[in-house]
Amino acid sequence: MKNKVGRDLPPQIGTRKIRGYRGAFAIKPIPTKASLPTRCMYPGESKLCSSLDDAIKKSGLCNGGTISFHHHLRNGDRVINRVIDRIAKMGIRDICLVPSALFPVHKPLIDHIKKGVITQIQGSLNGPLGAFISQGKKLEEPVVLRSHGGRARAIAAGEVTIDVAFIAAPIADDYGNCNGSLGDSAFGAMGFPIVDSLYAHTVVIITDNLQPYPVTPISIPQTRVDYVVCIDSIGDPQRIKTGTMEITRSPARLLMAKNVVRLLDESGVLRDGFSFQAGAGGTSLAVTKFLHDHMKKKNITGGFAMGGITGYVVNMLEDGSINRILDAQSFDLSAVESIRNNPFHQEVSHIMFGDPHTGGCVVNRQDACFLGATEVDLDFNVNVNTHSDGVLLHGIGGHQDAAAGSDITVILAPLLRGRVPVIREKVTTVTTPGDTVDVIATEYGMAINPLRDDIIKRVKGKLPIRDITDLYKFAQGMTGTPRKVEFTDDIVAVIEYRDGTVLDTVRKVKKG
Amino acid sequence: MKKIQVGTDNKNDCVVEIVPGKKRVIHLLSKTGDMFEKHIKDLTQKILVDQGIKKIHITIQENGALDYVIKSRIEAALEKALGITRMKDAVKRKPTPKNKARRTRLYVPGNNPRMITPAGIYGSDCIIFDLEDSVPVHQKDAARYLVKNALRDLDFGNSELWVRINKDDIEKDLSQILQGSPQGICIPKVENSEDIYTIEKMMPGSSGQIKFMPIIESARGIINAPQIATASKRIVALAFGAEDLTHDLGGERSWGTLAYSRGALVLAAKASGIQALDTIYPDTRDERGLREETKKIRAMGFDGKGVIHPDQIPPIHDCFTPSTQEIKDAQAIIKALQEAKKKGLGVASLEGKMIDEPVERKAKKILSLAKQNHTT
């Protein structure tokens with residue numbers, strides 16, 4: 001069976017019956033969602049547990065259970081490894097792990113996979129775990145990768161049932177009220193765990209900063225919390241920033257960023273009320289900075305910025321270049337400080353950010369977004385999951401959601417990474433379908449999706465616009481055609497679209 | 001044959017090492033694994049077969065190097081080891097007009113692939129691949145091959161392509177780079193017309209379209225500027241070099257110190273109907289200072305300025321762009337003249353001011369500059 005992006009899919013993968021991708025907005029949800037669990041807690045009862053072991057025991061977790069975590073502490077997280085270690089020690093096996101993402105710091109989980117403690121993962125894998133999975137160290141079921149909005153949708157729809165959500169919080173009271181922006185381990189917005197706390201059957205708050213009742217502001221309220229446990233440290237806040245947080249210094253990439261701002265200007269969206277989503281990559285930060293400069297110069301006041309928030313966006317809020325920040329995850333400490341102090345810096349959940357099956361998510365209101373890519377292809381499909389050697393190394397993030405919702409979706413991609421051309425005939429893995437991608441911005445010019453006649457008409461002759469096939473041939477002229485990666489038939493991961501259909505699969509890499 | 005190494009381990013470069021061997025062995029260490037293994041080995045094989053080399057061990061350690069870089073490093077290593085170099089026919093390239101806009105000329109170090117590859121994307125009017133001061137002495141040989149192959153293999157868009165050669169290695173430089181058909185050659189440290197004649201004599205008959213740009217950067221050069229400007233029909237511009245000149249004068253680099261020399265250079269150039277191009281602005285982070293200096297040199301009659309960082313290009317183009325008022329005035333002048341001509345008058349007047357031929361010429365120049373900058 002071929003789906004709409006031309007990928008061949010089997011009718012069934014593991015125990016899952018496959019529905020292929022049919023178009024960004026083709027799927028209508030079933031009318032009801034998963035029902036919310038009921039709880040009871042009578043006067044005089046306590047939620048406080050004496051230790052992690054105590055909390056795990058009380059949570060009722062048993063063999064075959066599904067547990068979730070968030071990754072707001074990114075590579076500084078100390079909770080996931082610790083909880084899984086305790087679970088393993090207690091002899092619980094066959095766990096299905098539903099993290100929002102895993103990072104290099106979570107490399108020790110490989111051992112737990114080998115020993116059968118973890119037998120399923122539904123979540124993003126960044127770094128060594130992805131590489132491990134790509135070598136075919138297969139779990140019982142292939143890993144399911146979802147976008148941030150898609151994860152929220154799958155949980156809300158009951159496609160993923162979380163038995164126990166372990167939620168790290170830098171401040172909490174003994175009844176479980178908590179937020180992400182106070183305390184030594186503050187990480188800012190709690191976009192992921194707000195979702196998990198709504199639908200998980202049991203919710204455990206893990207904090208290193210227990211404060212008198214009631215803790216405010218309240219991101220996750222006591223009504224959804226079953227247990228609270230205090231440990232010595234949930235993470236290292238200095239390491240919540242991972243990946244590039246420095247603006248690029250490459251003149252070629254700076255030029256690329258400048259041209260993107262010119263494109264937005266010429267295409268008419270850069271006016272009062274302008275709204276956007278920017279990422280944390282070096283070129284994306286440059287776009288944010290140049291946007292800021294441009295808006296100040298032209299006296300334009302933007303509506304809102306959605307994020308993935310960095311200090312560069314915070315600067316825009318602080319000098320009045322934008323009116324609001326909507327923040328589902330805070331990328332640096334300056335964003336953490338802002339969400340704590342500035343009432344116009346609003347925390348939102350990933351349901352609100354990008355769940356397509358709600359009364360409307362924030363991405364629908366974005367004029368533009370700037371996203372990265374490891375590969376793009378002649379159909380404008382984007383790959384951010386696998387490297388060109390076929391190894392699974394990154395999650396989807398909010399990529400699919402932002403691309404589907406935003407009026408103008410710009411992919412920032414250098415034409416060449418070293419000698420590897422970024423534009424391919426077909427991407428190795430489809431992360432985001434080409435029908436939701438509008439512009440590929442390279443240092444050698446921009447390619448605009450022919451579906452966006454309106455943008456082409458507005459910017460033609462004013463900006464370096466090139467046909468995507470020209471750019472493709474131009475790059476291959478300098479590098480030659482790269483050898484195609486060879487895969488086995490073993491499916492190690494499924495790339496789900498935000499609506500629950502399947503875009504692509506990741507197969508085990510054949511060793512040369 | 002001894003062991004030879006060429007290239008650097010910098011990004012986008014490669015190190016090629018050759019030693020004698022009993023047969024042809026190509027060993028590749030690539031950052032991209034086996035993605036381009038066959039491609040790079042085929043490329044290497046072809047060069048060795050072309051040059052008839054059978055007994056060699058060649059190791060290529062590549063760090064994101066493009067084909068033209070790998071080729072250049074191999075060719076340079078073979079020349080160093082065996083003294084052989086295979087000359088190729090010069091590539092075909094369209095000549096550019098004598099008076100082409102040369103507001104910006106971006107200097108690119110000739111042995112740095114990371115800077116050479118994207119040099120065409122910044123939209124400078126000219127690119128100058130430098131074999132001279134920005135290339136360390138021990139890399140001069142390698143740079144020649146790199147610049148030659150960059151010119152042969154890469155597409156630099158609409159920029160006019162120049163090479164700055166070494167004054168004391170002219171023959172060697174020319175023998176390589178002419179195979180890449182640059183549109184012009186920058187000749188450094190020109191002091192008199194003899195310097196130009198020397199190079200003119202070395203140019204092969206087939207190089208008729210290749211232009212010269214003498215760089216004048218000494219007291220003697222300034223004094224002799226008028227004879228230099230007319231020393232060859234190839235000369236389309238005189239370029240001003242401030243750093244060496246300041247040293248020569250014994251003063252400090254300031255507007256005052258250089259004012260006379262700049263004026264003398266503009267005079268010499270304009271008297272011969274060629275362009276005058278100003279020196280670079282050394283502080284790449286000082287955009288305000290760059291703009292100030294560019295406005296001043298434009299007012300003096302200069303037609304462009306040297307560039308050492310891509311960020312300097314837009315401000316300079318901006319300074320050479322006529323203002324909206326200038327454009328409006330020029331359009332009004334042309335219109336008034338057209339109306340006068342309809343009435344059979346040779347001279348027109350606009351708001352009480354007489355418009356004659358020099359005024360018309362100036363107005364036309366403003367409109368053509370404006371057209372270049374897409375402001376009309």
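Chain A exposes about 19,200 Å² of surface, and carbon and sulfur atoms supply 49% of that area. Keep in mind as you read that this is a predicted model.

**The overall build of chain A**

- You can count 14 helices and 29 strands in the secondary structure of chain A.
- Along its principal axes, the C-alpha trace of chain A spans about 75 × 55 × 45 Å.
- The radius of gyration of chain A is 22 Å, which agrees with the value near 24 Å that a compact globule of 512 residues would have.
- Of the 512 residues in chain A, 63% count as buried.
- Take the contacts in chain A between residues at least 6 apart in sequence: 73% of them join residues at least 24 apart.

**Charges**

- The size of an interface is often given as the accessible area lost when the parts come together.
- Here, the area buried between chain A and chain B is about 1,800 Å², with carbon and sulfur atoms giving 63% of it.
- On the chain A side, Arg419(A), Met478(A) and Arg483(A) lose the most area to chain B, together 36% of what that side buries.
- In terms of residues, 21 from chain A are in contact with 22 from chain B.

**A look at Leu36(A)**

- Look for Leu36(A) in the loop between strand S2 (16–17) and strand S3 (48–49) of chain A.
- If you set aside its neighbours within four places in sequence, Leu36(A) is in contact with Leu198(A) and Tyr199(A).
- Gly308(A) lies 272 residues away from Leu36(A) along the chain, and their C-alpha atoms are separated by 28 Å.

**Helix H2 and what follows**

- Which residues of helix H2 (residues 79–89) of chain A are buried? They are Val79(A), Ile80(A), Asn81(A), Val83(A), Ile84(A) and Ile87(A).
- An α-helix has 3.6 residues a turn, so residues three or four places apart point the same way.
- Just after H2(A) comes Gly91(A), which takes a positive phi of about 85°.

How values were computed: Residues numbered from 1 in each chain as written. Chains lettered and ligands numbered in written order. Predicted model: local features only at pLDDT ≥ 70, side-chain atom pairs only at ≥ 80, totals over all residues. Heavy atoms only, no water. Helix = DSSP H or I, 4+ residues; strand = E, 2+ residues; numbered from the N terminus. Rg over C-alpha atoms; globule rule 2.2 N^0.38 Å. Buried < 20%, exposed > 50% of the residue type's maximum accessible area, 1.4 Å probe, protein only. Contact = heavy atoms within 4.5 Å. Areas by Shrake-Rupley, 256 points an atom, 1.4 Å probe, with all protein chains shown as cover. Buried area = accessible area lost by both parts, 1.4 Å probe.
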